[in-house]
Structure formats: C-alpha cells, structure tokens
Amino acid sequence: MRLLTLLITLSLLGNSVYAQMPNDAIYMNKGTACLALSYNHSAWDKYWEGTTKRDNLNIGTQTTQTAMAMLAVGVTKNLNVIVGLPYIWTEASAGNLKWHKGFQDVSGWVKYRFFNQGGLSLNAVAGASLPVTNYVPDFMPMSIGLQCKTATGRLVIRYKHKTGIYATAFGSYILRSKIKIDRDSYLMGETLYNTNEVSVPNAYDFSGRLGYTNKYLQTEVFAEYGACTDGDNIRRNAMPFPTNNMKSTSVGFYGKFQPKNLGFNVRIARVVDGENVGQAMTYQAGILYQFAYLKSAKK
C-alpha cells in the first residue's frame with residue numbers, strides 16, 4: 001500500500017564521498033565503479049483509504065523488507081550507468097494473508113551531466129525497469145511489486161557552494177505498461193471490466209534536498225512527493241489494487257561516511273501524508289565499495 005514505483009534509495013559512492021544515485025547529480029569518474037549492498041525495512045499500521053486515514057486489525061502491522069544490490073559505473077566524467085536488483089519479502093502481524101517474497105524488477109539508469117558551471121549542474125536521467133520473476137501484482141498490500149514495465153525521464157538540478165553546502169531538486173515522469181492478472185474481471189471505481197488486462201496509472205515524483213559534504217562525510221535532509229496521474233481509490237474495507245491513485249509525501253534524513261574505498265550509509269524516511277498508501281516508517285543501511293575497473297582510472 002506504499003507507492004510501489006520503486007524509488008531507488010540505495011546510495012552509491014562517487015569519486016568523492018558523495019552519494020551516487022539515479023536522482024542526484026554526483027558522478028563516478030571514468031573507469032571507476034561502486035558496488036553497493038543495502039537492507040531496507042519499511043512498516044506501517046495505519047493507511048489512507050482514499051483520503052480517510054484508518055487502521056485494519058486484519059493486517060496489524062504490514063512490513064516490507066528489501067535487500068538490494070546495485071552497481072554504478074563511470075563511463076565518462078559526465079556519463080554514468082547504474083543497475084540494480086532488489087529481493088523483497090512482505091509480512092503482516094495479524095490475519096491470514098499469505099506473505100510474498102522474491103526478486104522484483106531489474107532497473108537500469110543512464111545519467112548525463114549536460115551543464116556544469118559555477119557550482120550549478122543540470123542533469124538528464126533516463127531509466128527503465130523490467131520484472132525478472134512472475135510474482136503476483138494484485139494481492140496488495142502483500143504483493144512485492146506491480147509487475148509492469150516502466151520507463152522514466154528525470155531532470156536533476158544541483159547547486160553546491162564552496163563551503164560544502166548543496167541543494168538538489170529533481171522531477172520525474174514514469175510510464176507504466178499494462179499488466180495481466182489471474183482473474184477474468186476486476187472493478188475500477190464503480191466500473192466492472194471483463195478482462196484480465198489492467199492499465200496501471202502512470203506516475204510522477206519530485207523532491208528537494210539540502211545537505212553538506214566534506215572529504216569523508218555527507219548529510220542531507222529531504223522531502224519527496226510521488227503520485228499517480230489518475231486512478232481510483234481503495235473501496236471501503238477492500239484490498240488495494242494496481243489501478244489505485246497512490247499519493248505519498250515523505251520527509252527524511254540521509255547520511256554517509258566514507259573514509260576510504262569502503263564506506264557505509266543510512267537513510268530514514270517517514271510518510272507524513274498520502275492517499276491509498278500506508279503511513280510507513282522506513283529505515284535503510286548499506287555498505288559501499290569503490291574500485292577502478294580501468295588501470296588508468298583515478299579513484
């Protein structure tokens with residue numbers, strides 16, 4: 001019941017200690033790469049059914065855990081490629097809903113810096129994702145994903161002052177493919193569709209971040225908003241469905257310490273408002289390892 005478009009929150013190491021993600025403006029040097037492994041724990045016991053906030057004793061606390069492997073590669077100083085694959089498992093503290101687990105969607109991103117002057121950089125990011133297993137998408141909130149293919153376009157703007165203080169903002173639009181479900185009909189709003197093919201709403205997101213970096217440390221606070229372009233609401237006392245118009249506003253903190261090639265990071269986020277999503281509290285921790293894949297590369 002959280003926004004199931006996967007917003008990649010695993011931090012990757014750049015040439016310095018800064019984060020390196022598909023939604024930032026930090027780059028690996030040419031010939032260098034970073035392997036990152038993270039664990040993510042997200043849980044909620046209250047959710048929004050449309051705009052009505054409520055709980056559900058048949059679910060209790062719903063928990064989603066994710067183990068993510070991610071690799072960032074510096075092709076040039078202004079062009080990076082990032083790939084990632086998560087393994088997800090869900091559970092509920094009450095009721096008899098079957099828990100789900102498995103590999104979700106492999107994602108790939110290309111990030112290009114087309115302007116960089118006076119501390120200001122403009123960056124274009126293109127990404128896509130593809131399900132790698134035949135998981136069930138319409139058994140929410142226990143499903144591990146939506147089973148749709150996605151294509152994402154993103155613009156990232158960043159300004160960094162010589163003191164190390166920086167501000168970053170980005171906006172994205174996410175195209176989603178249709179999916180097929182294991183039933184012959186479904187309800188969207190009050191309309192019955194006699195088909196197993198479901199149109200998943202497209203989505204968009206944007207974020208603002210304010211942080212500080214030095215040679216070994218990075219910290220930032222952020223606010224994020226994500227929503228579908230259309231869709232229906234969860235019907236009263238019913239399960240959510242992939243056609244729901246999910247909206248989510250989150251705030252949080254990110255920190256990373258990287259004294260040498262090996263480092264670690266943490267991320268904390270809280271959903272403060274939403275529609276058709278759970279009010280989740282999320283904790284993440286990861287380890288990062290930077291290396292040169294070309295002998296001439298500068299670490």
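**Close-up views of a predicted model**

**View 1. The β2–β3 hairpin.** Strands β2 and β3 form a hairpin with 2 residues between them, and G50 in the turn has a positive phi of about 70 degrees. The antiparallel strands β2 (residues 46-49) and β3 (residues 52-55) are joined by 4 bridges, and K46 stands opposite D55 in β3. Strands are DSSP runs of E of at least two residues, numbered from the N terminus, and two of them pair if DSSP finds at least two bridges between them. This is a predicted model, in which local features need pLDDT of at least 70 and side-chain atom pairs count only at pLDDT 80 or more, while totals for chains, interfaces and linings use all residues. Residues are numbered from 1 along each chain as its sequence is written, and side-chain values use heavy atoms, with hydrogens and water left out.

**View 2. Surroundings of I181.** Not counting residues up to four places away in sequence, I181 touches P137, D138, Y186, N196, V198 and F241 (contact means heavy atoms within 4.5 Å).

**View 3. The Y186 and Y193 rings.** Y186 and Y193 form a stacked aromatic pair, 5.4 Å centre to centre with 15 degrees between the planes; ring centres of Phe, Tyr and Trp (its six-membered ring) must lie within 6.5 Å to pair, and planes under 30 degrees apart count as stacked, over 60 as edge-to-face and the rest as tilted. Y186 is buried at a relative accessible area of 6%, whereas Y193 is partly exposed at 33% (buried means under 20%, exposed over 50%, partly exposed in between, with a 1.4 Å probe and protein chains only).
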